[in-house]
Amino acid sequence: MLERVTQYQAQIAEAISETLMMVGISLAAAILLGLPLGVLLFFSAKGQLYENRFWNQVLNGFVNIIRSFPFLLFVVFMIPVTRWLIGTAIGTLAASVPLAVVSLAIYSRQVEQALHDVPRGILEAARAMGATRLQIMFKFLLVEARSGLILGLTNSMISFISYSTVMGVVGGGGVGDFAIRYGYQRFETELMLAVILLMIVIVQFIQLFGSLLSRWLDKR
């Protein structure tokens, strides 16, 4: 197995870099767009600080539609949009577009759940101290939810890695595409197993790091 890996080390390195690019873009989309979206979902719900039934239903509808799509079909569905945005529907950057859209929908639900897990007493205490709605949002709820937010981001990131393995359908490359083309289609079973083991190690490291960071931030 080591001999086969050494023989294809350049291709493996390229595949890893493509996967990291897709996951990195998805992670950025999750933090920059998914986090605010999750906050809006929580605060626009019934009984919350910025209750707004119309916008809550619109945002919930958007997230539910994206999450209910089978991912492979969603990638194909997004091809015209991807081509309009970046001028092509082929390549790693193009593959990152549908992955980024899915990532913000996935993480927004994680954010919403993390905020719901904050004890109700925190909100009541903040109101009793005369905190404004923005202060309640940024200095109380988001601070108290930070452990859950990190854990949610960790779980979401692992999902992004899983989704990235099917991006070969639009020529996105990545580790999954390499495993299929060089391992499965060429009957290089050892090479395919080596790539699978590599992905397992990466996912385990991400989960371990995220769990440790989450526990460190949990001050309850």
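Reader: Where is asparagine 64 placed?

Author: Asparagine 64 lies in helix α3, residues 53–68. Helices here are DSSP runs of H or I with at least four residues, strands are runs of E with at least two, and both are numbered from the N terminus. The model is a predicted one: local features need pLDDT of at least 70, side-chain atom pairs count only at pLDDT 80 or more, and totals for chains, interfaces and linings use all residues. Residues are numbered from 1 along each chain as its sequence is written, and side-chain values use heavy atoms, with hydrogens and water left out.

Reader: Why is asparagine 64 called partly exposed?

Author: Its relative accessible area is 39%. Buried means under 20%, exposed means over 50%, and partly exposed is in between (1.4 Å probe, protein chains only). The value 39% therefore makes asparagine 64 partly exposed.

Reader: How far apart are asparagine 64 and isoleucine 106 in sequence and in space?

Author: They are 42 residues apart in sequence. C-alpha to C-alpha, they are 9.5 Å apart in space.

Reader: What makes glutamate 112 buried?

Author: Glutamate 112 has 12% relative accessibility. The limit for buried is under 20%, so the label holds. Glutamate 112 is in helix α6. Leaving aside neighbours within four places in sequence, glutamate 112 is in contact (heavy atoms within 4.5 Å) with Gly38, Leu41 and Phe42.

Reader: And why does serine 164 count as buried?

Author: Serine 164 has 1% relative accessibility, which is under 20%, so serine 164 is buried. This serine is found in helix α9. Beyond four places in sequence, serine 164 is in contact with Thr19, Met22, Val23, Leu99 and Gly173. Glutamate 14 is 150 residues away from serine 164 in sequence and 14 Å away in space, C-alpha to C-alpha.

Reader: How many aromatic pairs does a search of the whole structure find?

Author: Eight. Rings of Phe, Tyr and Trp (its six-membered ring) pair if their centres lie within 6.5 Å; planes under 30 degrees apart count as stacked, over 60 as edge-to-face and the rest as tilted.

Reader: Why is the pair of phenylalanine 71 and tyrosine 163 called stacked?

Author: The ring centres are 4.6 Å apart, so the rings pair. The planes are at 25°, under the 30 degree limit, so the pair is stacked. Phenylalanine 71 is in helix α4 (residues 71–77) and tyrosine 163 in helix α9 (residues 146–164), 92 residues apart, so the pair links distant parts of the chain.

Reader: Are those two residues buried or partly exposed?

Author: One of each. Phenylalanine 71, at 11%, is buried. Tyrosine 163, at 28%, counts as partly exposed.

Reader: Which rings are linked into a cluster?

Author: Phe42, Phe43 and Tyr50, through ring pairs. Phenylalanine 43 touches Gln48, Leu49, Tyr50, Glu51, Met137 and Leu141, not counting residues up to four places away in sequence.

Reader: What makes a set of residues a nonpolar core?

Author: The residues must be buried Ala, Val, Leu, Ile, Met, Phe, Trp, Tyr or Cys, joined through side-chain atoms within 4.5 Å. The largest such core has 53 residues. Val39, Phe43 and Leu115 are among those with the most contacts inside it. Helix α6 (residues 92–116) gives the largest share of this core, 12 residues.

Reader: What is the secondary structure of the protein?

Author: It comes to 11 helices and zero strands. Buried residues make up 44% of the 220 residues.
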